[in-house]
Amino acid sequence: MIINPFLDRGRHRDLYGRAGRLTRRTGALMRAKTSGRPVPKVIVRLLTDHRGEDAPPGLVVDIGCGRGTSSRALAEQLRPTRLIGIDLAQALLADARERAGRQRGVRAEFVQADFHQLPLAGGSAGSVVAAFCLYHSPQPERALAEIARVLAGDGLAVLVTKSLDSYREMDALVARAGLDPRAEQRESLYTAAHSGNLAGLTDTCLEVITTEHEEHRFTFDGLDHAAEYLATNPKYHLAPGLYGNPGALAKALHEALPEQSITTSSVITYVVARHRGGRP
Ligand SMILES: C[S@@+](CC[C@H](N)C(=O)[O-])C[C@H]1O[C@@H](n2cnc3c(N)ncnc32)[C@H](O)[C@@H]1O
C-alpha cells in the first residue's frame, strides 16, 4: 500500500530534516504568487479582531512552526511577553530561532516536540496557531484535542490549511510531460486536514467561531520556474534523480513540452475557534 508522503512519519526527515526543501518550495511559490493575502498577516488580524485590539494575547504558541514565518509576525505584531514555537524538526527550529527569536521584549523559545503531545500545561496558552501542519497528522483530531487542552478558558486558536485540489494544474503538467502519467490520480497531500474538513474536525473539541476561505493564485513564468516547485513535491512518482533536482526536472520538462507559463491556485482556509461558550 502506498502511504501518503505527508502522513508517512518515515518521510519526515526527507521533508523537514533540513530547511532547504521548504525554503525552495516557499520561494518558488512566493515568486509565482499573483493574488492572496500574506498568511501570517491574516493570522495576526484574526487573533486581534476576535480578541479585541487591547486585550493581551497571553502566551502565544505556534504549533508546527517550521522556519518561524508565522512566529515572526506573531512576535512583531502581537508583541506577547512569551511565545513558544513547537516543531518536530530541529533544523527548522534553528532557523525559526534566527528569524523570529530576537524581538525585543518578547521571550521566544523554540522547542522540539510532537504536536500530539504538547509540552505545555493545560489552559496555559492565550493564543494557539497551527498553520499548514495538521495535514501531517494521521489523527488530526488528536492534535486538535491537544490544542484544546492547552488553550486557556478565554483563549483563541487559529488553524490554517489548504484545499484538497491545491495546485492541480501542476499535476496536469507533470502528467502531460509523461514524468508521472498518473500524477492527476495521486492522492492529495492534504487529505487529513483540508479546507473541506478542518472546521468539522475542530468542532469535535472546540467551538468554531468563524471560517474564512481565500483563493491564492500563482503563475509560474516558465518550465524552469515550475521545476523549482515540482522538485520539492513528494507527491509524484518520478524517475530516479528528478525529485529534489530542479535542474534535471527542468531539462525533462523542456524535452517533453513547449515553453509555457502555468497558472494554478490553492484555497487557503482559516478556522478561528475557542472553548465552547468561551470557557471550558
Ligand atoms: C509545511 S510546514 C509549515 C511551517 C509553518 N507553520 C509555516 O506556515 O510556514 C509543516 C511543519 O509541520 C511540522 N510537523 C509535522 N508533523 C509534526 C508533528 N507531529 N509535531 C510537530 N511538528 C510537526 C514539520 O516539521 C514542518 O515544520
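Exposed means a relative accessible area over 50%, and buried means under 20%. All views below are of a predicted model.

**Figure 1. Helix α10 and its two sides.** Helix α10 spans residues 246-256, and its buried residues are Leu249, Ala250, Ala252 and Leu253. Their directions, seen down the axis of α10, fall within an arc of 165 degrees, so these buried residues line one face of the helix. Lys251 and Glu255, on the other side of α10, are exposed. The cover over the buried residues of α10 includes α7 and α9 (223-230).

**Figure 2. Helix α9, mostly covered.** Of the 8 residues of α9, 6 are buried. These are Leu223, His225, Ala226, Ala227, Tyr229 and Leu230. Elements that cover them include α2, α7, β7, α10 and β8 (262-274). Leu230 also belongs to the largest nonpolar core, where it is listed with the residues that have the most contacts, and Tyr229 is one of the residues lining the largest cavity.

Figure 3. With neighbours within four places in sequence left aside, Leu179 is in contact with Val174, His237, Leu238, Leu242, Leu249, Ala252 and Leu253. Apart from this core lies another, of 26 residues, which include Ile43, Cys65, Ala131 and Val272. Among the contacts of Leu179, the residues Leu249, Ala252 and Leu253 are buried residues of α10.

**Figure 4. Helix α5 and the elements packed against it.** In α5, residues 90-100, the buried positions are Leu92, Leu93, Ala96 and Ala100. The buried residues line one face of the helix, since they fall within an arc of 100 degrees when seen down the axis of α5. Packed against them are the helices α1 (12-16), α2 (20-32) and α4 (69-78), together with the strands β3 (82-87) and β4 (107-112).

**Figure 5. The largest pocket.** The space in this pocket amounts to about 1100 Å³. Its lining is made of 46 residues, and those nearest the centre are Tyr16, Leu22, Ala131, Phe132 and Tyr135. Two or more lining residues come from each of α1, α2, α3 (39-51), α4, β3, α5 and β7 (207-220). Helix α2 gives the most, with 6 residues. Sorted by class, the lining has 26 nonpolar, 9 polar and 11 charged residues. Ala131 is also a member of the core of 26 residues.

**Figure 6. Phe132, a residue with positive phi.** Phe132 sits in the loop between β5 (125-131) and α6 (140-150). Its phi is near 55 degrees, a positive value in a residue other than glycine. Phe132 has a relative accessibility of 25%, so it counts as partly exposed.

Figure 7. Lys162 belongs to strand β6, residues 151-162. This lysine is buried, because its relative accessible area is 8% and the cut-off for buried is under 20%. His216 is 54 residues from Lys162 along the chain, and their C-alpha atoms are separated by 9.8 Å.

Figure 8. Tyr167 lies in the loop between β6 and α7 (168-176). With a relative accessible area of 4%, Tyr167 is buried. Its phi is near 60 degrees, which is positive in a residue other than glycine. Tyr167 is also one of the residues lining the largest cavity. A search of the whole structure finds 1 cavity of 30 Å³ or more, and the largest cavity has a volume of about 50 Å³. Its lining consists of Ser166, Tyr167, Asp171, Ser188, Leu189, Tyr190, Tyr229, Asn233, Lys235 and Tyr236. By class, this lining has 5 nonpolar, 3 polar and 2 charged residues.

Technical notes. Residues are numbered from 1 along each chain as its sequence is written. This is a predicted model: local features need pLDDT of at least 70, side-chain atom pairs count only at pLDDT 80 or more; totals for chains, interfaces and linings use all residues. Side-chain values use heavy atoms; hydrogens and water are left out. Buried means under 20% relative accessible area, exposed over 50%, partly exposed in between (1.4 Å probe, protein chains only). Helices (H or I, at least four residues) and strands (E, at least two) are DSSP runs, numbered from the N terminus. The arc is that of the directions from the helix axis to the C-beta atoms. Contact means heavy atoms within 4.5 Å. On a 1 Å grid over the protein atoms alone, a cavity is a set of points where a 1.4 Å probe fits but cannot get out, and a pocket is an open set with protein on both sides within 12 Å along at least five of seven lines; lining residues have an atom within 4 Å of a point. Grid points are joined across faces, edges and corners, and a volume is the space filled by probe spheres set on the points. Ala, Val, Leu, Ile, Met, Phe, Trp, Tyr, Cys and Pro count as nonpolar, Asp, Glu, Lys and Arg as charged, and the others, Gly among them, as polar. A nonpolar core is a set of buried Ala, Val, Leu, Ile, Met, Phe, Trp, Tyr and Cys residues joined through side-chain atoms within 4.5 Å.
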